[in-house]
Amino acid sequence: MQDRTNTIAGWALAGAVAALGLSIVSGGIFVETHPEKEGYPVEAVEGEGGGEDAIAPIATRLAEADVAAGEAIYKGKCTACHTDTQGGANGLGPNLWGVVGAAHGHRSDFAYSDAVASIEGPWSFDALDEWLESPRRYAPGTKMTFAGLSDPQDRANVIAYLNAQGSNLPFPPPPAPAEEETEAAEGEAVEGDAPAGEEAAAEEAEGAEATANEAAPAEAE
Ligand code: HEC
């Protein structure tokens, strides 16, 4: 009897140890999975925040640009370092007369950083737009310690003003916004479920064309 009691007690103890072990293991699993799951929503939110995509192209913004508003921004934010008159002196930054369309580092009498001087090609409207959004991102290592103009229309206004200081280049024609939006809307619709009918209609139309094409030679003969 004594022996059996010990055996029973032994099994009971072993069972308890096994149960404890299981709970530790499963507890460990749950503890590890929680932080991982909590991380996902954060990523999703970041992914959806593609606000930059919504910025109108520079050509569209230039077409709506307000030169007087650009001059006000220029006077407030740029004149500490720049002059923009013909033959004006360089300051902390180079004179900007005629800079639109000119080469990067367009003044031979200003000591540019390599970051700017080494960039090939002219200061196009696009390049200026990117530059003024963030000089540091456009030309890492630039001497222009200006944070940038975050408002896209502010940038277009300043560029339009700068263009009027000796460059006077024609603005690029803006893409027709109405048409673009229609195209985009149609593109999205095709990806959805709804347009099965539309596709069928398109096929029918093609079929009709093909029939017409087949019919034409017959008529010609
Ligand atoms: C704190 C001084 C400072 C301010 C403010 C500043 N700039 Fe500059 N800018 C510079 C310097 C310095 C350079 C030369 C950059 C280099 O060589 O890396 C420069 C270069 C430029 C260039 C390129 C010129 C060329 O010949 O290639 C443009 C265009 C320009 N700035 C426009 C502006 C405009 C527009 C503003 C206002 C929105 C502005 N900057 C504000 C200092 C400044």
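Helices (H or I, at least four residues) and strands (E, at least two) are DSSP runs, numbered from the N terminus. The structure is a predicted model, in which local features need pLDDT of at least 70 and side-chain atom pairs count only at pLDDT 80 or more, while totals for chains, interfaces and linings use all residues. Residues are numbered from 1 along each chain as its sequence is written.

The secondary structure of the chain consists of 9 helices and 0 strands, and its pattern along the sequence reads α-α-α-α-α-α-α-α-α. Of the 221 residues in the chain, 16% are buried; a residue is termed buried if 20 or more other C-beta atoms lie within 10 Å of its own, exposed if 12 or fewer, and partly exposed in between, with C-beta atoms placed from the backbone. Contacts are defined by C-beta atoms, placed from the backbone, that lie within 7 Å of each other. Among contacts between residues at least 6 apart in sequence, 57% join residues at least 24 apart.

When residues up to four places away in sequence are not counted, Ile159 touches Leu62, Val100, Phe125, Leu128 and Asp129.

Two packed helices are described by the angle between their axes and the distance between the axes. Helix H3 (residues 67–77) packs against H7 at an angle of about 95°, with the axes 7 Å apart. Axes are lines fitted to C-alpha atoms, for helices over the stretch in contact, and angles run from 0 to 180 degrees between N-to-C directions. H3 is therefore roughly perpendicular to H7, a class that covers 65 to 115 degrees, whereas angles under 35 degrees count as roughly parallel, over 145 as roughly antiparallel and the rest as oblique. H3 contributes Val67, Ala69, Gly70, Glu71, Ile73 and Tyr74 to the contact, and H7 contributes Asp154, Asn157, Val158, Ala160 and Tyr161. These residues divide into 7 nonpolar, 2 polar and 2 charged, where Ala, Val, Leu, Ile, Met, Phe, Trp, Tyr, Cys and Pro count as nonpolar, Asp, Glu, Lys and Arg as charged, and the others, Gly among them, as polar.

The shell around the ligand has 27 residues, of which Cys78, Cys81, Gly93, Tyr112 and Ser113 come nearest; a residue is near a molecule or strand if its C-beta atom, placed from the backbone, lies within 6 Å of it. The shell comprises 16 nonpolar, 8 polar and 3 charged residues.

Thr142 is found in the loop between H6 and H7 and is partly exposed, with 19 other C-beta atoms within 10 Å. Residues up to four places away in sequence aside, Thr142 touches Ser113, Ala115, Val116, Pro135 and Arg136. The C-alpha atoms of Thr142 and Val116 are separated by 6.2 Å, although the two are 26 residues apart along the chain. Thr145 lies in the loop between helix H6 (135–138) and H7 and counts as exposed, with 10 C-beta neighbours inside 10 Å.

Asn168 is placed in the loop between helix H7 (152–163) and helix H8 (177–191). Although not a glycine, Asn168 has a positive phi of about 50°.

Notes: Contact = placed C-beta atoms within 7 Å.
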